[in-house]
Amino acid sequence: MNHFQLRDGVLHCEDVPLPAIAAEVGTPVYVYSRATLQRHARVFREGLSALDDPQIHFAVKSNPNLAVLKVLQQEGYGADVVSGGELARALAADMAPEKIVFSGVGKTDAELMQGLDADIGQFNLESEEEGRELADIAAQNGKVARCALRVNPDVDAGTHEKISTGKAENKFGVPINRAAEIYAMLAALPGLDMRGIAVHIGSQLANLEPLETAFGKVGALIAELRGAGQSVTHADLGGGLGVPYKAGETLPSPAEYGAMVARVTKGWNVALAFEPGRVIAGNAGVLLTKVIRVKRSSNASPFVVVDAAMNDLARPAMYGAWHDIDAVEPKGPRSVSHIVGPICETGDTFAMNREMDTLASGDLAVFRTAGAYGATMASSYNSRGFVAEVLVDGDKFAVVADRLLAGAIMDAERIPDWLV
Ligand code: LLP
């Protein structure tokens, strides 16, 4: 359920008609619904209600906007961060340091130090090498880093290959068959407090079996570690739950996910943590765009050229991803169109031969399910600026990220004297 619904023929976000946002802020613009974010945060938490005090860390990469993080902070969420920049954002949104976990295969020494200085809750170590480096840095600074070892369970998540992370050939985590040995080695280092295992096998997962298989392997590893005398008090089960991108599509619910987790982790006797991103933010946002013109060519279907492009919403170009596209004020019969952006490559195509609301020049439309991995993946390709972002709350809205104009990006560049 989300709060982007038609009322009297006009698409609203909560109580705000989208044309009002377009008129005031311009297009393209990302629009997020506070009520939807809250609802998803609560539904996900309720799904885990059979567990004892689960810790939920929002995957900041999915939507790092400060206002979005603030909504989730107020819901008691912590943060899963993967860079110094994301860590700074989580702290700026007042997320408690102990509720921050730091994942990622390429944390630099500076980022490890930044995490230590902030006294974050946990580093999810992705390699033996990273563990040794963090141990050195921590010991040199008189600190002890709380850590989990991220394992690669070699499970096929059954999702797009570019967002699959738990196969042996993927760069993430340590091979699960070497995990016990690496864990013991890292646990012996004075700068580290090895306290558990982390796993994350991929994103937009459409069924629960791969997760269940991966968690089963983690359970066996925990038993093995304890059998070898190691202490294991925490397990971080990552994110990955998929969301519907097409109206009417059904995916496993947070309740089904929670029931599976409760069943598989029974008897683990650890504090469980989760890192959901898309399931919280995905359907809490749309990208609002305006039709520049409708171009008819030899094809049977017209090209509807909108003012949003692949630099604003990269997912269709990058993964061939589907986003439902709806008119803000649908009228007349539906028809078949190609929806494209203005960028000079064919990859800048959002949909081909899509049956959808008929759109004319000047009409507004939305790309749905754009609240996760939308604005955060934008670029300035073709010297386009960065899109503005708006948060709606009931009948009010606020710009929560200014539009960054192409000129502002150019201002950061210069021609050196010796070239003039
Ligand atoms: N934890 C870790 C360690 C992750 O790498 C990710 C996502 C998450 C949690 C959150 O996963 P989620 O609950 O959102 O599925 N740009 C791609 C998605 C990349 C996901 C990367 N990792 C897309 O647009 O589909």
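These legends go with a set of close-up views of a predicted model. Because the model is predicted, local features need pLDDT of at least 70 and side-chain atom pairs count only at pLDDT 80 or more, while totals for chains, interfaces and linings use all residues. Residues are numbered from 1 along each chain as its sequence is written, and side-chain values use heavy atoms, with hydrogens and water left out.

**View 1. The two domains.** The protein splits into domain 1 (4–31 + 282–410) and domain 2 (34–279), with bounds that come from an automatic or database domain assignment. Taken over C-alpha atoms, the centres of domain 1 and domain 2 are 32 Å apart. Domain 1 puts 21 residues into the contact and domain 2 puts in 22 residues; contact here means heavy atoms within 4.5 Å.

**View 2. The largest pocket.** This one has a volume of about 810 Å³. A pocket is an open set of points on a 1 Å grid over the protein atoms alone, where a 1.4 Å probe fits and protein lies on both sides within 12 Å along at least five of seven lines; lining residues have an atom within 4 Å of a point. Grid points are joined across faces, edges and corners, and the volume is the space filled by probe spheres set on the points. Of the 39 lining residues, Met1, Asn2, Pro244, Glu249 and Asn283 lie nearest the centre of the largest pocket. Elements giving two or more residues to this lining include strand 1 (4–7), helix 2 (34–47) and strand 14 (285–295). Helices (H or I, at least four residues) and strands (E, at least two) are DSSP runs, numbered from the N terminus. The lining has 18 nonpolar, ten polar and eleven charged residues, where Ala, Val, Leu, Ile, Met, Phe, Trp, Tyr, Cys and Pro count as nonpolar, Asp, Glu, Lys and Arg as charged, and the others, Gly among them, as polar. Domain 1 and domain 2 each supply at least three residues to the lining.

**View 3. The second largest pocket.** Here there is about 670 Å³ of space. Both domain 1 and domain 2 give residues to the lining, so this pocket lies between them. There are 34 lining residues, with Lys61, Thr165, Phe172, His200 and Tyr373 nearest the centre. Helix 11 (residues 315–319) gives the largest share of the lining, three residues. By class, the lining has 13 nonpolar, eleven polar and ten charged residues.

View 4. The strands run in the order 1-2-3, with antiparallel pairing. Strand 1 and strand 3 (16–17) sit at the edges with a single partner strand each, so one side of each has no neighbour in the sheet. Strand 2 (residues 10–13) and strand 3 pair over two bridges; two strands pair if DSSP finds at least two bridges between them. Look for histidine 12 opposite proline 17 in strand 3.

**View 5. Strand 13 and its partners.** Strand 13 (residues 271–274) pairs in the parallel sense with strand 5 (residues 55–59) over two bridges, and with strand 12 (residues 234–236), also parallel, over three bridges. Alanine 273 in strand 13 stands opposite glutamine 55 and opposite aspartate 236. Strand 12, helix 9 (residues 254–264) and strand 13 make a right-handed β-α-β unit: with the strands pointing away from the viewer, the path from the first strand over the helix to the second runs clockwise.

**View 6. Around alanine 35.** Alanine 35 belongs to helix 2. Leaving out residues up to four places away in sequence, alanine 35 touches His3 and Glu14.
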